[in-house]
Structure formats: C-alpha cells, structure tokens
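Please open the model in your viewer, with the sequence panel beside it, and follow the stops below in order.

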Amino acid sequence: MLFGYKPSKIEADSVMSSVNPNISGILLEEFLNVIRKKREAQLYRNEIRHIFTAFDRHYRGYLTLEDFQKAFKQVAPKLPERIILEVFREVDQDSDGHVSFKDFEYATNYGQNEA
C-alpha cells in the first residue's frame, strides 16, 4: 500500500512493463499519472453509485420500471413512456425486471472506451 492506495497485480505489472530496464524504478510523473487515472475512475464510480442510490428510493439495491419512470419524469418530463420502457429493457441486461447497480453502471459506461 502506498499513500492509501494498493494497486492490483495487473496495475503493478502494467506500470512495470513500461519501465525502462536500464533505469531503476519509474519516473514520478508516470507514477502520479497511474494514481490520477485510478482516482478519476473511483470518483466516477462513486458518482454513478450516488445517482443509482438517488433513483433507488426504496433502498432495495435495484431499480424497477416504476423507479425509472419517476426518475425520468424528474429529469426529462416530456420523454414518452415508450422511450422510458425501451431504455429500461435495454439497461435490464438479464431481463429480470430489475436494474442492478452492475446493469446501471454498465449502461452509463457504454461507449466510454470508444473514440
């Protein structure tokens, strides 16, 4: 653990694979860049969790179609019901009638890595 952060083995291997074998260790700038990216990812995930929790008014750990409808009525009141239903069905990856945090997070990250 370093400065309150414990990198995963994959992260450590990734950083170390970019190290010049003729130099001992990594540059401070490279280290700080890795930590910054990890921190940004954590902040984004916390933000997504906060939004999910705001939609999950009954603290069940999942969202129902009714939760989606209420949330969309607040943020996009003129959005047609059929669009809300389509979005719900798309986000509900396993079609169990519930949107878990995992489903919600996946939907919010969809297309993020494409550029």
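In which element is the place of Glu105? Select Glu105 and you will find that its place is in helix 5, where helices (H or I, at least four residues) and strands (E, at least two) are DSSP runs numbered from the N terminus.

Before going further, note that this is a predicted model, in which local features need pLDDT of at least 70 and side-chain atom pairs count only at pLDDT 80 or more, while totals for chains, interfaces and linings use all residues. Residues are numbered from 1 along each chain as its sequence is written, and side-chain values use heavy atoms, with hydrogens and water left out.

**The whole chain**

Colour the chain by pLDDT, the predictor's confidence in each residue, from 0 to 100; the mean for the chain is 83, and 83% of its residues reach 70 or more. Among the elements, strand 1 has the highest mean pLDDT (95) and helix 1 (residues 9-17) the lowest (72). Where pLDDT is low, the predicted coordinates should not be read in detail.

Switching to a cartoon view shows 5 helices and 2 strands, which follow the pattern α-α-β-α-α-β-α along the sequence. Of the 115 residues in the chain, 18% are buried, a word that here means under 20% relative accessible area, with exposed meaning over 50% and partly exposed in between (1.4 Å probe, protein chains only).

**Helix 5 and its cover**

Now select helix 5 (residues 101-109), in which Phe101, Asp103, Phe104 and Glu105 are buried. Glu105 counts as buried because its relative accessibility is 17%. Display its contacts, that is, heavy atoms within 4.5 Å: leaving aside neighbours within four places in sequence, Glu105 is in contact with Arg45 and Ile48. The cover over the buried residues of helix 5 includes helix 2 (28-55), strand 1 (62-63), helix 4 (81-91) and strand 2 (99-100).

**Helix 2 against helix 5**

On the helix 2 side, the contact is made by Tyr44, Arg45, Ile48, Arg49, Ile51, Phe52 and Phe55, and on the helix 5 side by Phe101, Phe104, Glu105, Thr108 and Asn109.

**Helix 3 against helix 4**

Next, show helix 3 (residues 65-75) together with helix 4, whose axes come within 10 Å and cross at roughly 130°, so that this pair too is oblique. Here Leu65, Phe68, Gln69, Phe72 and Lys73 in helix 3 meet Glu81, Ile84, Leu85, Val87, Phe88 and Val91 in helix 4.

**Last stop: Val87**

Leaving aside neighbours within four places in sequence, Val87 is in contact with Phe68 and Phe72. To finish, draw a C-alpha to C-alpha distance from Val87 to Ala107, which are 20 residues apart in sequence and 9.7 Å apart in space.

Conventions. Axes are lines fitted to C-alpha atoms, for helices over the stretch in contact, and angles run from 0 to 180 degrees between N-to-C directions. Angles under 35 degrees count as roughly parallel, over 145 as roughly antiparallel, 65 to 115 as roughly perpendicular and the rest as oblique.
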